[in-house]
Each structure stands twice: as C-alpha cells, then as structure tokens.
Amino acid sequence: MFTKLFSTFRHFNIFRNNAKQLMLVGLLSTICYRQKLNLQVNPNIKQYGDKLNRAFKRALQPEDDFYKNTIILSGNSNKELAEEIAEYLNIKLGSVTIGRFADGECQIQVLDNIRGKDVFIIQSTSPPVNDNLMELLLLVSALRRASARKIIVVVPYYGYARQDRKCAPRVPISAADVARLLETVGVDRLISVDLHCGQIQGFFGPRVPVDNLEANLVAQNYLSLQKKYEFKDVAIVSPDAGGVYRAKKFQEQFDLHHPGMQSHLAMIIKQREGPGKIASMNLVGQVKGRDCIIVDDIIDTAGTLSEAARVLKEQGANRVFAFATHALFSGKAFTHLSNPSLDQIIVTNTIPSKPQEEVLGDKICRLSVAPLLAEAIYRVQKKESVSTLFDIKH
C-alpha cells in the first residue's frame, strides 16, 4: 500500500523539496501503521459499546506532549491487550526482544533509547506466573539500568495475590513479597485491575503509588447496552463472605445504570476442606424468581462458581449469570463452566483467552479493558485525576 501511494504522488510530481517529502512520508507511515493495528484487534473480544468508546477514545494529535517523553513496552503475557491499548493512545509500542537461553533463562533487550523517558510496561503476571513475573522484573531492571526517568508497570492481573495474610503457621505472604520485589528493582508506580484484596496497595511503600482500577465499569456498560437479556428482578450475589463489599459496589452501580430497578443483595457462605475443596454452601438472601449475577474477581478452577450456580437454581433463581474480571480457567474449569445452571459467564481480557473457550461458544463473553487502561495511562502521564475516571455518566 505504501509503495503504491508513494509512486502515485511521485508521478504527479508532488515531491518538490525534501521538507514536503519527509512530511508526506511520515503521514503515509502513520496511516499504514494505524491500518495495521486495526487488523490486529481481536474480533472475538467485545468492545465497550458506542457510548464508552466515545468517552474514552481520544483523538490525540502528534503535537500532544503525551508523546514527547512516553514509551509503552509489552512483555509476552498479553501482547493483544498491549497492542489494543497502544491503538487507543495512538502510539506505537516500543521495541523489545524477549527470548530464552537454552537452559530456559529469560533473555531481554530493549531496542529503543529510553534514557530520560517515562516508560509504561504492560505485563500481567498470569500463567505461566513465574515466567511472566521474571520477565517483568528483568524488564524493570533493564530500564532502570538504562536511565529511564520513570517506570510505571501496568499489571492487569496481579498474581500471587491470594496469599495476602498469614492464615496458617509457616506460610509466606506472597502478595507482599511480590510487591517488595517490584520495589527493589525500581518500579515508580503500579496500575492494576481489581486486585484480589485492597490491602495489596499497602504492601507497596508510599514512594510507589498503586492505582486499582475497577472493571465493574466495563461489565455495567455491557449489561446496560446489550439487548439479549432483559432484567426485571435482579439479585447480585457474592460467592463468599470476603466478596460482599465487591458485590455491594456492583449492586450500587447496577442500580445507577438501570433507573427504576432496585436490585437485591445475596451472599453464599462456603466452608472449605482445603484449597480448591468446598465442604458446604449456604445461601443468605432471597433469590427465588430472580435473575442472579454472581460477582467475583477471579475464576480459577470454577468449582466455586459452578457450585454456587447450582445452589441458586435449587433456591428458585430464574437465570444465573457470572461476572469475574480475571479468567484464569485452570484445571477442570471448562468442565465446571459447562454446568447448565450457568446461563452466561462474563470476563475481561486481563488474561489471554484459551482455545478451549471456543467449545462453550457464546456462553463466555469477553470484554475489553483496553480503553480503561489506556485512559488511566494517559491521565497518569498528564498528571490528571484517575479517580474521576469512574465518574463517567452513561
């Protein structure tokens, strides 16, 4: 395409001096790059919808000072999400080579000059967790040694977050240990989406601010705009006692997005025999004749979700939906998700999709958090408020 356009302009003798030639070549390169990015967007991921796209997608101009000192890099954990974020910001991803030595060690080289630059690294610590975490640590170390001015890590999914306290003798507090590692290598700021627990923000020192973004905004937009399901009487359900605050917040936002509707709150109290093993489940709240939306932050093996859906159906629930930000889908997850008690599972693309999801078809709906993260990155770099990001009215 570029060659054809170049020949056409040359045929009409447009290039009369070097200045015009350079300007036009730059313009054509930008057009070609934007078209390339458009082809890279995953067609299986549902976007925000027109309202939020208009609210988030910025028509940034090349002279905007956002570009003057900003570089965005991506690790291997979620390249598609990184490319989508770069497209929203109208900026090209920086060049970095990430490979492996023969013995499996991580080999990293940043190809762009980043001296004095503000660098954003997009890297989820999702499976394979240890590989992706080591990539992130070495990337930060490489940038710090190369004299980057600021290093902001964008970790859509923060791994090792479920061990956030000593719940038994002689166990680590892994969430705090990962925070200490990131601080040690020289991180200046962290941006994440729906941390497993809010206290993880306090595991970082005051010199490393943490922005914990809420994916509720993405789900609420989808539930209010899609026409497939019409909600009348709804119960928002927390699958465990620890998630009540998250479910309560979701309920408040759901009522704001559905004027005239008053949703209800319910909770499932579960007893565990051990990690991943459920002994019993008891429902607190009324769900009979209502559409239920189970709200959680992580779907791992989906055992809790499947059992919760069964309990809700037994108690007379009309339909059962689930929304969770991070779709780990480990172990027997897809067997559990095929449970007929679940009508739809809504997740985001903080973690890349797996081929097995195709078997479930439309039962799994993936929403993109790229506009949310792109806007947060822009606001951090422009020193604007991140909290007002969630005050957008629909």
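These legends describe close-up views of one predicted model.

Residues are numbered from 1 along each chain as its sequence is written, and side-chain values use heavy atoms, with hydrogens and water left out. In this predicted model, local features need pLDDT of at least 70 and side-chain atom pairs count only at pLDDT 80 or more, while totals for chains, interfaces and linings use all residues.

Figure 1. Helices (H or I, at least four residues) and strands (E, at least two) are DSSP runs, numbered from the N terminus. The chain has 394 residues, and 49% of them are buried. Buried means under 20% relative accessible area, exposed means over 50%, and partly exposed lies in between (1.4 Å probe, protein chains only). Contact means heavy atoms within 4.5 Å. Among contacts with a separation of 6 or more, 66% join residues 24 or more positions apart.

**Figure 2. Five strands form an open sheet in the order 1-4-5-6-7.** The pairing is parallel. Strand 1 (70-74) and strand 7 (210-213) stand at the edges; each has a single partner strand, so one side of each lacks a neighbour in the sheet. Neighbouring strands here are turned by 15° against each other on average, direction ignored. Two strands pair if DSSP finds at least two bridges between them. Strand 5 (residues 150-155) and strand 6 (residues 189-193) pair in the parallel sense over 4 bridges. Valine 153 has leucine 190 in strand 6 as its bridge partner.

**Figure 3. Helix 13 (residues 370-381) lies across the strands of the sheet.** Strand 1, strand 4 (118-122), strand 5, strand 6 and strand 7 are the strands that helix 13 lies across. Helix 13 runs at about 160° to strand 6. Axes are lines fitted to C-alpha atoms, for helices over the stretch in contact, and angles run from 0 to 180 degrees between N-to-C directions.

**Figure 4. Helix 4 (residues 79-89) crosses helix 13 at roughly 55°.** Their axes come within 9 Å. That angle makes helix 4 oblique to helix 13. Angles under 35 degrees count as roughly parallel, over 145 as roughly antiparallel, 65 to 115 as roughly perpendicular and the rest as oblique. The crossing of helix 4 and helix 13 is right-handed. A crossing is right-handed if the near helix is turned clockwise from the far one by less than a right angle, and left-handed if anticlockwise. Helix 4 brings Leu81, Glu84, Ile85, Tyr88 and Leu89 to the contact. Helix 13 meets them with Ala370, Pro371, Leu373, Ala374, Ile377 and Tyr378. By class, this contact has 10 nonpolar, no polar and 1 charged residues. Ala, Val, Leu, Ile, Met, Phe, Trp, Tyr, Cys and Pro count as nonpolar, Asp, Glu, Lys and Arg as charged, and the others, Gly among them, as polar.

**Figure 5. Helix 5 (residues 129-145) packs with helix 6 (residues 174-185).** Their axes are 9 Å apart, at an angle of about 20°. Helix 5 and helix 6 are therefore roughly parallel to each other. From helix 5 come Leu133, Leu136, Leu137, Val140, Ser141 and Arg144. Helix 6 supplies Val178, Leu181, Leu182 and Val185. The contact has 8 nonpolar, 1 polar and 1 charged residues.

**Figure 6. Helix 8 (residues 216-225) meets helix 9 (residues 244-257).** The two axes come within 10 Å and cross at roughly 40°. The two helices are therefore oblique to each other, and the crossing is right-handed. Asn216, Leu217, Ala219, Gln220, Leu223 and Ser224 in helix 8 face Arg246, Lys249, Phe250, Gln253, Phe254 and His257 in helix 9 as contact partners. By class, the contact has 5 nonpolar, 5 polar and 2 charged residues. In helix 8, 8 of the 10 residues are buried, so helix 8 is largely enclosed by the rest of the structure.

**Figure 7. Strand 2 (residues 96-100) and strand 3 (residues 106-110) run antiparallel.** They are joined by 5 bridges. Isoleucine 98 has isoleucine 108 in strand 3 as its bridge partner. The two strands form a hairpin with 5 residues between them. In the turn, glycine 104 has a positive phi of about 100°.

**Figure 8. Two serines are shown: serine 306 in helix 10 (residues 303-314) and serine 338 in the loop between helix 11 (333-337) and strand 13 (344-348).** Serine 306 counts as buried, at 11% relative accessibility. Leaving aside neighbours within four places in sequence, serine 306 contacts His336 and Asn339. Serine 338 is partly exposed, with a relative accessible area of 40%. The C-alpha atoms of serine 338 and leucine 360 are separated by 7.0 Å, with the two residues 22 apart along the chain.
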